[in-house]
Amino acid sequence: MREITYETAATEAIQEEFRKNPRTVHLSTDLPSDLQREFGADRVRVTPIAENSFVGASIGLAGSGYRTVSNLRMATFGFVALDQMMNHAAKITYMFGGQAKFPILYRMTVGAGYSGAAEHSISPYAMYMNVPGLKILLATTPYDIKGLLKTALRENNPVVSFEPFLLGGMKGPVPEEEYFIPFGKASVRREGTDVTVVALARMVYEALGAAEDLEKEGISIEVIDPRTLIPLDRETIIESVQKTGRLVVVDEACQTCGAAAEILALTASDRATFGKLKSAPGRVCGLDVPIPFSPPMEKFAIPDKAKIIKAVKTAMRN
Amino acid sequence: MDLSRNTLIDLYATMLTIRRFEERVAAEVYAGKVPGFVHSYIGEEAIAAGVCVHMDRQDRIVSHHRGHGHCIAKGADMKRMMAEIYGKKTGYCKGKGGSMHIADFSIGMLGADGIVGAGLPIATGAAMAAQLDRKGAIAAVFFGDGACNEGEFHEALNLASIWKLPLLFVCENNGYGVNTSAEYAMGAKDITRMPEAYHIANRSIYGNDVELVYEAAAEAIARLRKGDGPYFLECKTYRWHKHFLSNALEDLRPSEELEAWKQKCPVAAFQKKLLDRKILTASEAEQIDQKILAQVEEAHAFAMESPYPQPQDALEDVYSI
């Protein structure tokens with residue numbers, strides 16, 4: 001199978017859907033050359049760097065019968081548009097009693113690990129999970145980003161795709177044929193029997209690395225990548241934890257009130273699952289600090305393979 | 001501009017409908033019968049009436065927290081409005097929005113927002129849709145002087161300007177954001193200096209004269225339909241009630257200022273003109289009023305007879321299917 005990058009796969013999803021549906025519009029602060037060349041400057045518009053304006057414009061376009069892709073680039077820039085995102089995009093379907101549909105795809109990058117410092121590195125998906133009305137994607141492979149964005153571009157709700165910055169250039173197999181990945185279906189990246197590791201975003205790869213090392217020591221871990229946070233595939237997670245009896249959740253977002261906390265809570269508060277736990281569920285998260293610039297400090301602040309191995313061994317001990 | 005008798009009477013009836021609807025709502029609010037916050041449009045009726053009369057269903061508007069007048073002028077059903085204000089299941093938003101969030105997408109009323117200035121970016125999207133549709137449709141956004149100090153206002157003006165969007169900015173300058181005067185809060189002082197800075201055609205008018213609003217909006221909308229880019233219309237007016245209807249909220253505006261503006265009532269002034277010009281007789285005016293009062297009564301009765309939503313209806317409509 002051919003191999004293409006994560007970013008190319010995302011662009012392909014948009015191109016395919018824009019060809020099928022002329023009532024589609026792309027808004028972004030940077031010129032997406034390929035898209036504008038194919039679909040013209042009317043539908044593919046470069047915006048001023050004024051995030052609230054085009055996040056809001058997407059809502060007006062949606063309410064007027066157009067499907068919009070708005071690329072905010074980084075999640076830290078997305079904060080500039082929180083009024084339109086949180087007060088309007090998320091609530092407008094509900095607040096107006098479901099009388100209109102708002103098909104919008106918002107894209108932005110997340111994560112740390114590239115010395116971007118605090119204002120160019122963050123993983124704020126839990127904040128968005130806390131405002132009902134948005135669907136939330138967290139794809140980690142070229143195959144998944146294409147299939148999930150294809151589904152997002154047929155979805156009649158605002159969808160936020162959080163895309164790990166460091167994975168943008170990553171290559172992986174993507175078929176030529178059209179395919180869709182449904183929301184709410186986790187991917188079991190590696191099967192195992194001793195510990196369930198639910199890993200988010202780039203941490204999937206750190207967890208897979210940890211799995212290989214741990215296998216040499218006779219510890220078998222199952223790595224689950226939820227792929228979408230809203231809706232979240234609770235069943236796959238719970239089924240796995242019931243099988244292994246142990247859970248470690250890994251996320252580079254800050255620990256406090258994170259998605260990892262939600263995943264721990266939903267498993268620990270499930271009576272059938274709680275009864276099968278062999279040890280206290282654990283989490284490996286980013287420290288509760290803004291992302292520091294200098295590499296030794298940044299590395300210290302976010303999870304990695306070694307920290308995951310340590311947490312898995314702790315889970316195995318008690 | 002010479003308006004036909006029908007147009008004049010339509011404008012009068014729209015203004016009076018808004019007035020009677022708002023009077024009834026205010027009485028119900030002060031009787032403690034309406035949940036939540038209600039922002040009254042009384043005193044500003046000429047603006048919604050004079051602007052919306054030029055639009056049809058394919059033209060879209062975005063409103064704000066003081067939005068009942070825009071809904072009525074755009075052709076919304078008062079029964080479903082009243083039901084929404086009471087939180088009834090038959091309301092426009094099935095009781096999920098209330099007074100501040102009435103919308104009717106079927107008539108191009110894209111909703112009222114409770115966040116000052118937030119409707120402006122949304123309206124740029126509606127205008128962009130009209131531009132892409134190439135059918136000569138336009139969008140209009142209503143907002144107050146308070147919104148002009150928000151970043152979203154400036155972002156929307158800028159976007160409309162660079163993309164030449166068919167968007168009519170209608171600033172209902174009532175002089176105050178809650179109790180804070182525009183004189184204090186607005187560095188630009190003269191609002192039209194802001195659209196001027198963005199190269200947006202603009203005009204400032206006395207907003208309580210519905211014929212003047214009609215004529216200015218006609219000119220602006222004709223330009224929009226030709227593709228000449230956005231237009232900014234400032235309408236100077238005054239609200240008669242407090243920011244929202246509440247005994248607990250203070251009104252810090254000078255009482256003599258309020259009294260002076262009440263003397264400039266847009267509805268009474270227009271009625272007098274119509275009577276003086278013999279467009280209407282006193283008995284015709286009375287007939288129009290009685291008809292409107294009956295419609296408002298019917299809307300109220302509909303709201304009263306309508307059921308509340310079931311509590312578990314709260315779980316519906318978070319997402320569209």
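Two strands count as paired if DSSP finds at least two bridges between them. With that in hand, let us look at this predicted model. Strand β5 (residues 104-110) of chain A and strand β7 (residues 158-164) of chain A are joined by seven bridges and run in the parallel sense. One spot to look for along this pair is R107(A), which stands opposite S161(A) in β7(A).

Both strands belong to an open sheet of seven strands in chain A, ordered β3-β2-β4-β5-β7-β6-β12, with mixed pairing. At its edges stand β3 (44-46) and β12 (228-230) of chain A; each has a single partner strand, so one side of each is left without a neighbour in the sheet. On average, neighbouring strands of this sheet are turned by 20° against each other, direction ignored. Packed on the sheet is α8(A), which touches β5, β6, β7 and β12 of chain A. The direction of α8(A) makes about 165° with that of β7(A).

## Two domains in chain A

Chain A splits into domain 1, covering 3-173, and domain 2, covering 187-317. Their C-alpha centres are 27 Å apart. How many residues of domain 1 of chain A are in contact with domain 2 of chain A? There are 25, and they meet 23 residues of domain 2 of chain A.

On the domain 1 side of chain A, α7 (125-129), β6 (135-137) and α8 (142-152) each supply at least two of the residues that touch domain 2 of chain A.

## A buried strand

Is strand β14 (residues 282-286) of chain A largely enclosed or open? Four of its five residues are buried, so β14(A) is largely enclosed by the rest of the structure. Strand β13 (residues 247-254) of chain A pairs with β14(A) in the parallel sense, over five bridges. Within this pair, D251(A) has C285(A) in β14(A) as its bridge partner.

## Where the chains meet

The contact between the chains takes 35 residues from chain B and 32 from chain A. On the chain B side, β2 (109-113), α5 (119-133) and α6 (151-162) of chain B each give two or more residues. The largest share, nine residues, comes from α5(B). The side of chain B that touches chain A divides into 20 nonpolar, eight polar and seven charged residues.

Technical notes. Residues numbered from 1 in each chain as written. Chains lettered and ligands numbered in written order. Predicted model: local features only at pLDDT ≥ 70, side-chain atom pairs only at ≥ 80, totals over all residues. Domains from an automatic or database assignment. Contact = placed C-beta atoms within 7 Å. Axes fitted to C-alpha atoms, helices over the stretch in contact; angles between N-to-C directions. Nonpolar A, V, L, I, M, F, W, Y, C, P; charged D, E, K, R; others polar. Buried ≥ 20, exposed ≤ 12 C-beta atoms within 10 Å, placed from the backbone.
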